[in-house]
Amino acid sequence: MTTYTNTKVGQITEVRSGIFMASLDVDANGELPTITVAGEQVPVGQPGSYIAITSGDIRILAMISSMVETDKNPTDVNSLTGRGNGKQVAIGLVPLGEVNSAGVFESGVRNFPVSGSAIHPVNEEDIKSIFVKFRAQGY
């Protein structure tokens, strides 16, 4: 699995058994981060796509289940300084499993992330390597 450096697109904001919440980083124009899929730029956060969560040595694979846009709290520091766009995008994540130190995907989550853990987009190569043992069994 890819070592995630310089690919952070947001952070975990809430952790519950079976579902995590995260906020996506938006730029000054309110645009979502994008990734390249099949040669096209697509915004991160689409339900059904995958996200990697990193926290120290913990690497968790999750699927995006929901996405909602809200206004930031009017007392947000960026709003007070006149920076930022007042837009906040939150995503719901269903944790699928962990990637161990050998890079092998294991279903289920034993080590939960903490609030503030980085989230990263997952590329197609990562998905293929994660699910290789399932393809070998005909799934």
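Good morning. G18 is partly exposed, with a relative accessible area of 46%; on this scale buried means under 20%, exposed means over 50%, and partly exposed lies in between, with a 1.4 Å probe and protein chains only.

Some conventions come first. The model is predicted, so that local features need pLDDT of at least 70 and side-chain atom pairs count only at pLDDT 80 or more, whereas totals for chains, interfaces and linings use all residues. Residues are numbered from 1 along each chain as its sequence is written, and side-chain values use heavy atoms, with hydrogens and water left out.

Where does G18 lie? G18 is in the loop between β1 and β2. Strands here are DSSP runs of E with at least two residues, helices are runs of H or I with at least four, and both are numbered from the N terminus. The hairpin of β1 and β2 has 2 residues between the strands, and in it G18 takes a positive phi near 95°. If neighbours within four places in sequence are set aside, G18 is in contact with L93, V94 and P95, where contact means heavy atoms within 4.5 Å. G18 and V109 are 91 residues apart in sequence, and their C-alpha atoms are 9.0 Å apart in space.

Let us turn to the strands around this loop. Strand β1, residues 10-16, runs antiparallel to β2, and 6 bridges join them; two strands pair if DSSP finds at least two bridges between them. Within this pairing, Q11 stands opposite S23 and I12 stands opposite A22. Strand β1 also pairs with β9 in the antiparallel sense, over 2 bridges. There, Q11 has A118 as its bridge partner. Strand β2 is joined to β7, residues 87-99, by 5 bridges, and these two strands run antiparallel. In that pairing A22 stands opposite I91.

How many aromatic pairs does the structure hold? It holds 1 aromatic pair. F20 and F112 form this pair, which is edge-to-face, with 6.0 Å centre to centre and 75° between the planes. By definition, rings of Phe, Tyr and Trp (its six-membered ring) pair if their centres lie within 6.5 Å; planes under 30 degrees apart count as stacked, over 60 as edge-to-face and the rest as tilted. The pair links distant parts of the chain, 92 residues apart: F20 is in strand β2 (residues 19-24), and F112 is in the loop between β8 (105-107) and β9 (118-121).

Finally, we consider the chain as a whole. It has 3 helices and 9 strands, and along the sequence these follow the pattern β-β-β-β-β-β-α-β-β-β-α-α. Of its 139 residues, 32% count as buried. Among contacts in the chain with a separation of 6 or more, 61% come from residues 24 or more positions apart. The accessible surface comes to about 8,200 Å², and 51% of it belongs to carbon and sulfur atoms; such areas come from the Shrake-Rupley method with a 1.4 Å probe, and for residues only the protein chains shown count as cover.

Thank you for your attention.
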